[in-house]
Amino acid sequence: MLRFTLRAPTFTRALPLLKKYPVSTHRSCRTPKPTMFHKQVSRLYSTGSVQLLAKILSTLLLLRPPVITADLPKFESQYYNYQKELWKRLMWTFPKWFYFREGTLAEQRFRELNKNPVHNNPNMEFIGGRPIIKHQRDLRFKQVLRLPKPYLEGEEGEVEGLESDKPVVPNSRTTPADASNDTTSLERKLARTLYLVISEDQGKLWAFPNFSCENTPLHKVAEEGLYGLGGTEINYFNVSPTPCHVQTSDKGKEFFIKLRILSGSFVAQNKNTTFKWLTSEELGEHLSKNYYEDIKHLMSAV
Amino acid sequence: MLKQCLRLFSTAGARLGGYSTVQPVHHLVKIKKSALMPKYDEVSIPKDDIESVGFRPTEIEQDRVAEHYRNSLKSDLMLYFYEHDAEVVRGQKLRDHDPTSPYALYRHKRKPRGFGRPTRDVYPIGPTNIPELTGISLNLYAKDAHVYPWLNISTSLQLAQITNVKPKPVKSKINDLSWKVRMGKRCGAKVELTGSDMSQFLLTLTELVLPRIRTFRGVPKKSGDKFGNISIGLDPEDVKFFPEIEHFQELFPNLFGFHITFKTSARTDDAARVLLSSLGLPFENAPAM
């Protein structure tokens, strides 16, 4: 059975069906029923109230999902390794009579590469234990197979440079961006979810991009604001027009709109704007402590 | 004298003239005594116990589909399906007859509206009912196996080769001599996939097989059983794109098409389509990227 190298499903394919919905027919754009929130808002609009209306902000939670599988802790990788070795030892004997028919050239080469185990001679004493032979396999150990090179028509002898001859070398899990700790690169920390934060004062204060809303839907504001901040070379996917969190602060009410970056890159349009792609732990170091405690549950642990 | 003394000690005296109130249970349960021999004790150990003779490790490597679902998809799906003030949408249920009619007293209930089967209630989305892929079942029906029974070996072998799981035989349920169908005869094989086998099959299908089928335009929009299970069919010529079969084509002279059903915990087909689409399965008539 062939097994393939581990790789997280490419995020460009995530949720392709949902990507662009006609906004006018989406359920969020239907006339909503009057709710407690609406009642409160309409009360705020009434002339009797002195209280000022809280400012509504749309905060952009732009994330890059993991590209490769998660980094395993040492214990977990050892556990998987142990289970895999156990699995190999308990595996059925390779049916060589099916894959290498008797009398064929391939079978002859297979026999040359895979020698039979030691015969269980009843007249002999075995120091390491008596072998249990079934179908020319010692059942006490895992079966290690060496396969002959495939025979190609019209070519004689050993063929150099065949693709199947080369050992499979997986790509590195770390990138040049990791080596140089380039926090503006989307290719850093491939196994982690990265979040975009920006700073307007040369890196003193970091925050998620947020935009004030004036009679425009929250998700529209966030999407247009993203293009304004980072250029139009971004292919994004809006998970939902529904905000995933609301944060009340001095500035007003921040509604978090969740977007995923599918391809392209964020190129700061304004000279003063600096940006970083950070993991959830790094966000804790860049955002203020109270703010981070409030929004920590939105971040992916991986 | 001695007998009288002994009788004082016996408890039977209290029951003199009475009868046992305990019902006899012997001969009610049939027991194959040969199966109770101590040498069969190890058969009764569950197979996920390492002491069992049939033990097979299941968590042998990282499951990247499950990991992707857990880390990235789950929260997004909940957000996507969230609706403000959502209420329970009641499904179509069996209906009562006219209660005033005496003729309807012991009648069976009427069929529900719609397509004639009761449908399930759809609850508002929450952390406990996010749609999830629970299993994939492959069902291979070989029509020719009624005439050539040896094809049953090929059908089982093909499914085992593709899925790495031992298939179960499929037997015909009806007698129809014009189709040469006889009840109880084997006519194919089926496999139920869960866990890492399911993830591996899904990856092979979406990354290696479906992209190479020229006629494939995505999972048909009409597919689905209204209960959150989506099915597709593969033709015999599509099956050769599975890498496990592609490299040994001379060993598989007879290839068979089969049906693949993606079983999800979604309550509706639309929700199931969203889930499968996010797991990388392309759909017909999907909006352009």
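These legends describe close-up views of a predicted model. Residues are numbered from 1 along each chain as its sequence is written, while chains are lettered from A and ligands numbered from 1 in the order in which they are written. Local features need pLDDT of at least 70, side-chain atom pairs count only at pLDDT 80 or more, totals for chains, interfaces and linings use all residues, and side-chain values use heavy atoms, without hydrogens and water.

**View 1. Chain B holds 7 helices and 5 strands.** Helices (H or I, at least four residues) and strands (E, at least two) are DSSP runs, numbered from the N terminus. The order from the N terminus is α-α-β-α-β-β-α-β-α-α-β-α. Chain B has 289 residues, and 37% of them count as buried. Buried means under 20% relative accessible area, exposed over 50%, and partly exposed in between (1.4 Å probe, protein chains only). Contact means heavy atoms within 4.5 Å. Among contacts in chain B with a separation of 6 or more, 71% join residues 24 or more positions apart. Chain B exposes about 19,200 Å², with 56% of that from carbon and sulfur atoms. These areas come from the Shrake-Rupley method with a 1.4 Å probe; for residues, only the protein chains shown count as cover.

**View 2. Helix α2 of chain B has a kink of about 50°.** The kink is centred on B:Leu73. The bend at a residue is the angle between axes fitted to the seven residues ending there and the seven starting there. Helix α2(B) covers residues 64-81, 18 residues in total. The expected span is 1.5 Å times one less than the number of residues. Buried residues of α2(B) include B:Tyr69, B:Leu73, B:Leu77 and B:Tyr80. Their cover includes β8 (252-264) of chain A, along with α4 (195-209) and α7 (269-278) of chain B.

**View 3. Helix α3 of chain B is mostly covered.** Of its 13 residues, 10 are buried. Among them are B:Leu151, B:Ser154, B:Leu159 and B:Ile162. Helix α3(B), residues 151-163, reaches 19 Å from its first C-alpha to its last, close to the 18 Å expected. B:Asn164 follows the helix, with a positive phi near 70°.

**View 4. A:Asn114 is a buried loop residue.** It counts as buried because its relative accessibility is 14%. The loop runs between α4 (105-113) and β2 (133-134) of chain A. A polar atom of the A:Asn114 side chain lies 2.8 Å from the backbone oxygen of A:Arg146. Setting aside neighbours within four places in sequence, A:Asn114 is in contact with A:Val144, A:Leu145 and A:Arg146.

**View 5. A:Asn181 and A:Gln202 have positive phi values.** Most residues other than glycine have a negative phi. Phi is about 50° at A:Asn181 and near 55° at A:Gln202. A:Asn181 sits in the loop between α5 (176-179) and β4 (194-199) of chain A. A:Gln202 lies in the loop between β4 and β5 (210-212) of chain A. A:Asn181 is exposed, at 51% relative accessible area. A:Gln202 is exposed too, at 55%.

**View 6. The whole structure has 0 disulfides over all chains.** A disulfide is a pair of cysteine sulfur atoms within 2.5 Å. B:Cys187 is buried, with a relative accessible area of 1%. A:Cys244 counts as partly exposed, at 26% relative accessibility.

Technical notes. A polar contact is a pair of N or O atoms within 3.5 Å; within protein, one must be able to donate a hydrogen and the other to accept it, and residues adjacent in sequence count only if both atoms are side-chain atoms.
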